[in-house]
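I'm opening the notebook on this one and going through it feature by feature. Here is the model I worked from.

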Amino acid sequence: DGLYQKSVTLGRRPDGKYYRKTIYAKTVRELEEKAAEYRRKYRVGTLSADENMTFGEAAAAWLSVRKVNCSVATRAMYQNTIDVHLNPVLANLKLLELRPHHLHDIINGMSAAGLSSSTMKKVKITAAAILEYAIENDVLYRNVFKAVSVPSVPAAHRRALAEYEIGLISSTWSGHRLGVPALLMLYCGLRRGELLALTWNDIDPDEKALTVSKAVKFVGNTPVCGSPKTQNSYRAIPIPDAILPALRKNAACSLLVCPASGGGLMTKQAFRCAWSSYLNYLNNCAGGRVASRTSARVQAIDPNITPHMLRHTYATILY
């Protein structure tokens, strides 16, 4: 069409290919001046190498690199954060179009929905990390999400179990499959994942101690056995004398202390169902009853007792 053109190389894409910008002009001199000006703007950080890259594309590239150095659970957390909170709003926006208010709007919506500060911080950190990755790869020149603030929401109160609830769990362990696992969470402070990975070989009744060296994490509903949550999670825990008889009586039932019905690792849904069944069992033991055609349910205990409340109670007892 009578115009001169020049291809200017500006760096590499996350996949290793070059970013190139094609410059057009009517004369060779004008072409060189335009190319030089474009390179200057790029060097001082006033334009992007890839003006069309979207947030969704950058998020996918970041996650593909980030997942190499993180656990299965962390990777799933990042993926969920992107899919649920970020991509529905930002996926199709070009990186150059992003402004702080885009993330502010997402955070404000989460706050209005009653989500915790911790969840909102994860969203902000993930979004800022994606833009930082784009900067490192010469796709973007400025992180507009870095200074976005997260509102402080008071954490929900986590109560310890009352004395009668502790007594109920301690005295009814023999009547339900989660009776002994509940004792271990209550008197040894195990996390759910640590409990589900625990084998009878990890328990030494003679030494009155159990060893935590692994934990189950869930990818969707599927259990994956791996390392514990942190380095400090590798530990030996003393077993109180009061629960030794329960451990000795159940030691030969399965290799796992808290197995699925088939003997393997419990799925997330299987544990939820088992815990719901256990709460119903405790409720009946406390004098409650299930609903029937002729009578309403009688709730004798708090129906919102969670497995982690037992660990929280353990810490409170130690204190």
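**Ground rules**

I'm working on a predicted model, so local features need pLDDT of at least 70 and side-chain atom pairs count only at pLDDT 80 or more, while totals for chains, interfaces and linings use all residues. Numbering runs from 1 along each chain as its sequence is written, and side-chain values use heavy atoms, with hydrogens and water left out.

**Entry: salt bridges**

I looked up the charge pairs first. Side chains of opposite charge can pair when their charged atoms come close. My cut-off for a salt bridge is a side-chain nitrogen of Lys or Arg within 4 Å of a carboxyl oxygen of Asp or Glu. The structure has 9 of them.

For burial I use relative accessible area: buried is under 20%, exposed is over 50%, and partly exposed is in between (1.4 Å probe, protein chains only). For elements I take DSSP runs, numbered from the N terminus: helices are H or I with at least four residues, strands are E with at least two.

I checked Arg-159 with Glu-165: their side chains form a salt bridge at 2.9 Å, N to O. Glu-165 is buried at 2%, whereas Arg-159 is partly exposed at 25%. I also found that Arg-159, Glu-165 and Asp-302 are joined in a network of salt bridges.

Next came Arg-235 and Glu-194, whose side chains meet at 2.8 Å, N to O. This pair ties distant parts of the chain together, 41 residues apart, with Arg-235 in strand β7 (residues 235-238) and Glu-194 in helix α8 (residues 192-197). Arg-235 is partly exposed at 22%, and Glu-194 is buried at 3%.

Asp-241 counts as partly exposed at 49%, and Lys-208 as partly exposed at 37%.

While on Lys-208 I looked at its backbone: phi is near 55°, a positive value in a residue other than glycine.

**Entry: the largest pocket**

Which residues lie closest to the centre of the largest pocket? First, the rules. I use a 1 Å grid over the protein atoms alone; a pocket is an open set of points with protein on both sides within 12 Å along at least five of seven lines, a cavity is a set where a 1.4 Å probe fits but cannot get out, and lining residues have an atom within 4 Å of a point. Points are joined across faces, edges and corners, and a volume is the space filled by probe spheres set on them.

The largest pocket comes to about 1200 Å³. Of its 32 lining residues, Ala-73, Lys-122, Arg-192, Lys-217 and Lys-229 are the closest to the centre. Elements giving two or more residues to the lining are α3 (72-90), α5 (117-136), α8, β5 (215-219), β6 (222-226) and α11 (307-318). Helix α3 gives the most, with 5 residues.

I sorted the lining by class: Ala, Val, Leu, Ile, Met, Phe, Trp, Tyr, Cys and Pro are nonpolar, Asp, Glu, Lys and Arg are charged, and the others, Gly among them, are polar. That gives 13 nonpolar, 10 polar and 9 charged.

**Entry: the cavity**

I got 1 cavity of 30 Å³ or more, and the largest cavity holds about 30 Å³ of space. Its lining is Glu-165, Leu-168, Ile-169, Leu-282, Ile-301 and Ile-305. By class I have 5 nonpolar, no polar and 1 charged. Helix α6 (residues 163-171) gives the most to this lining, with 3 residues.

**Entry: Thr-313**

Thr-313 sits in helix α11 and is buried at 1%. Its side chain reaches the backbone nitrogen of Leu-161 at 2.9 Å and the backbone oxygen of Met-309 at 2.7 Å.

**Entry: Asn-92**

Is Asn-92 buried or exposed? It is exposed, at 73%, and I found it in the loop between α3 and α4 (100-112).

How values were computed: Polar contact = N/O pair within 3.5 Å; in protein donor to acceptor, adjacent residues only side chain to side chain.
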